[in-house]
Amino acid sequence: MRIAFGMINHDKGEIRINGLPADLRSPRAAIKAGIGMVHQHFMLVPTMTVAENVELGGTGKYDERQSADRIRQLSDETGLTLDPLARVSSLSLAGQQRLEIIKALARHARILILDEPAAVLAPAESQELFTLIRRLVESGRSVVLITHKLQDAEQYADDVSVLRHGKLVLSQPVSEVTMESLAQSMLGSARMSARPLLQKAATQPRRTSGDPVIRLENVSVERISSPRDLHNIDLDVRAGEIVGIAALDGAAADLLRVIAGRCKPIAGKSTTPEKVGFVPEDRQHDALIGEFSIFENIALKDIGRRKGRMPWSDIRRDADALIKSFDIRAPTTRTTARTLSGGNQQKLVLARELSDNPVALIAENPTWGLDIQAMADIHARLRVAALNGCAVLFYSSDIEELVDLADRVLVIRNGGINEVERVAETIGNALLGSSPSSQIDS
Amino acid sequence: MSELAVLALVGDMLVRATPLILTGLAVAFAFQAGILNIGAEGQLLIGATCSAAITLQFGETLGGSIIIVSLIGGSLAGAGWAAIAAELRARFHVLEVISTIMLNFIALYIVSFLVRGPLQEPTHIYPQTETMPLYARLPTILPGTRLHAGFVLAVLAGVTGWWILQHSAAGFRLRAAGKNSSAARIAGQIDVGRTTRNVFLMSGALAGLAGAVEIHGVTFALYENLSPGYGYTAIAVALLASLNPLLVIVTGLFFGVLEAGANALQRDAGIPSTIASVIEALIILAVLAVESIRNLHAPQPGSPSDTPIADLT
């Protein structure tokens, strides 16, 4: 898709748009050819207004009123409601996404590429997004939707293509595929036989036992990256238990950092073990140092407390063993972390955090942006960790994942936390309050 | 050129390289930790000033051991000067690029004032301090040249610095904090603020040491044009060495050869010594060009947000 948007140039072959060969050697050329792209990580200037972001890169004079009118007109036409004069930093994620789409449409895009558009949205918000996408399609535009969620593809697409290991393995109208056949083609045939031991361990019944390993009593957490403070949080996680947290807009982020010992609570008593692993949501920003090699990234564990000499040869040996046992695909441990795929990066983070057999593991959206094979892998690892007596607490923006992986589910809403039944609908309703539609941010 | 003259020239080159290596290390360490300390010049001047003041004040009572006291004093003074920028950065998020460059000017004018005021030589004719007594000078290590023991100190500092960066936990913390402070804090549980501050002070100390070594090894007095911009050339020295302390020794020597050689050329052949500056600048441009070409061909990074996109028109 980055080739289609001119960000990377293709090595071989020809690109045709509407049957005519197209020369897409830069994003500029791609936009000229009528292609618009909404990246998974938004490409917006937060300090500028909506209108300014739309006009960014244009030529000539910038006329705020004229541009605002144009955006309003586009909004009316497509149903993408946006205030043209709002500052981007004040928009919700859903709002920023609408802006990205408007931006592409304002440049007369006929073909819209959306990279994992639902990844950052709450369930109700993504529902709304897909309705909007349908409207765009009905107005004669084409949409390419990249998603790792099979349901989304099955529900909203007309045709579906599956890429695996750099090859096109399936390309059919949606009416001719089933969820099973999609999953099969994404995973390939070797999927179940790959690591039977891991699979077996993962399905074994676990025993949760004894006193809680993590215990929060009346804890209050100050807002740093979450949208609001949390107050009077009570929470227990026992050894061998997997507890999931559901929250909107990263409301759990600061709480998890407190539990992982990375921040201090502002009130209350938080009992967490000294030996705790932490898998942050943004692995490239918070967990790994891209320019560092694999073994250096592994050496980051507890480096804050280390003194004296770095025993590099021991560290490299341990790293070698670790990448083997976690099946991290890399030529050597000298490979830099940034060249690894997302799934391998996440496995590296998990391998590091589990390397000293921690008493507890805290994970934030542990499978965010991963394909389903990597996702299954991470899930199996977490289950094995729990089986070995680790208390696992994770946050996920994916309700399916909570239902799948967790033994118990907690929901954060309005600055408080509640345990709910492990059923997708119950969790969804608890997240959005009694009337889900009123919660949709516009 | 006679053999003796060649020997003297080689000595001059190494003498010239000494402050470049020390300040180059100061810059390399700071840059490795993500601190853009371009104030090595000011830290060097303050180090030199303090060192001169200490020697003039206590030289007679302490005798030969004054050199050690004064070198330590000069380093501490450099660190103290850097501490101003470090505190401004830690407390008020003042960009160190701005604060250190401003502090360079302040340091220059402090020297200017002192050599015309409190520290001026007794006759009050020349804008400089009294000349150091012989016992307060660094010993010459190569007879027939001006090469002093400070050069050995610089090389030792380079080797030690390399060991710290590559083989110690503190050095690893420093590099981690410089490459990705967020991951350093969250994954490594590093106190990034403290690490940064310590590195900043150490960087200042190295530059201050360079100043003190100049006083005791080369100039034997404090005056305004003590440094022909060592602290600025240091940035080129460090960048050319890709911030590796061992390579800083090499690039420091290279620039030392270039500058001392240019002076000799001007003296003996009438070729303007500014040629050396032109060559230095060309080298830096070439290094930058090579670097950016290498980046162009680097493998695509994992995240789309890392990918630079051409402006969209």
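## A kinked helix in chain B

Let's start with a bend: in this predicted model, helix 1 of chain B has a kink of about 25° at Ala17(B), shortly before the proline Pro19(B). The helix covers residues 3–32, which makes 30 residues in total. From its first C-alpha to its last, helix 1 of chain B reaches 42 Å, close to the 44 Å expected at 1.5 Å a residue.

How much of helix 1 of chain B is buried? The count is 22 of the 30 residues, so this helix is largely enclosed by the rest of the structure. Just after helix 1 of chain B comes Gly34(B), with a positive phi of about 80°.

## Chain B as a whole

If you boxed up the C-alpha atoms of chain B along the principal axes, you'd need roughly 65 × 45 × 40 Å. Of the 313 residues in chain B, 47% count as buried. Take the contacts in chain B with a separation of 6 or more: 75% of them link residues 24 or more positions apart.

## Where chain B touches chain A

The contact between the two chains involves 40 residues from chain A and 29 from chain B. On the chain B side, helix 6 (169–179) and helix 7 (181–186) each supply at least two residues. Helix 6 of chain B gives the largest share of that side, with five residues.

What kinds of residues does chain B bring to this contact? Its side splits into 13 nonpolar, 12 polar and four charged.

## Two domains in chain A

Over in chain A, there's a division into domain 1 (16–146) and domain 2 (196–288 + 357–439). The centres of these two domains of chain A, taken over C-alpha atoms, are 33 Å apart. Six residues of domain 1 of chain A are in contact with nine residues of domain 2 of chain A. The domain 1 side of that contact has four nonpolar, one polar and one charged residues.

## A look at Glu296(A)

One more stop in chain A: Glu296(A) sits in helix 11, residues 294–299. Is Glu296(A) buried or exposed? It's buried, because 25 other C-beta atoms lie within 10 Å, and 20 or more is enough to count as buried. Glu296(A) and Gly6(A) are 290 residues apart in sequence and 34 Å apart in space, C-alpha to C-alpha.

Methods
Residues numbered from 1 in each chain as written. Chains lettered and ligands numbered in written order. Predicted model: local features only at pLDDT ≥ 70, side-chain atom pairs only at ≥ 80, totals over all residues. Helix = DSSP H or I, 4+ residues; strand = E, 2+ residues; numbered from the N terminus. Buried ≥ 20, exposed ≤ 12 C-beta atoms within 10 Å, placed from the backbone. Contact = placed C-beta atoms within 7 Å. Nonpolar A, V, L, I, M, F, W, Y, C, P; charged D, E, K, R; others polar. Expected span 1.5 Å × (residues − 1). Bend = angle between axes of the 7 residues up to and from the residue. Domains from an automatic or database assignment.
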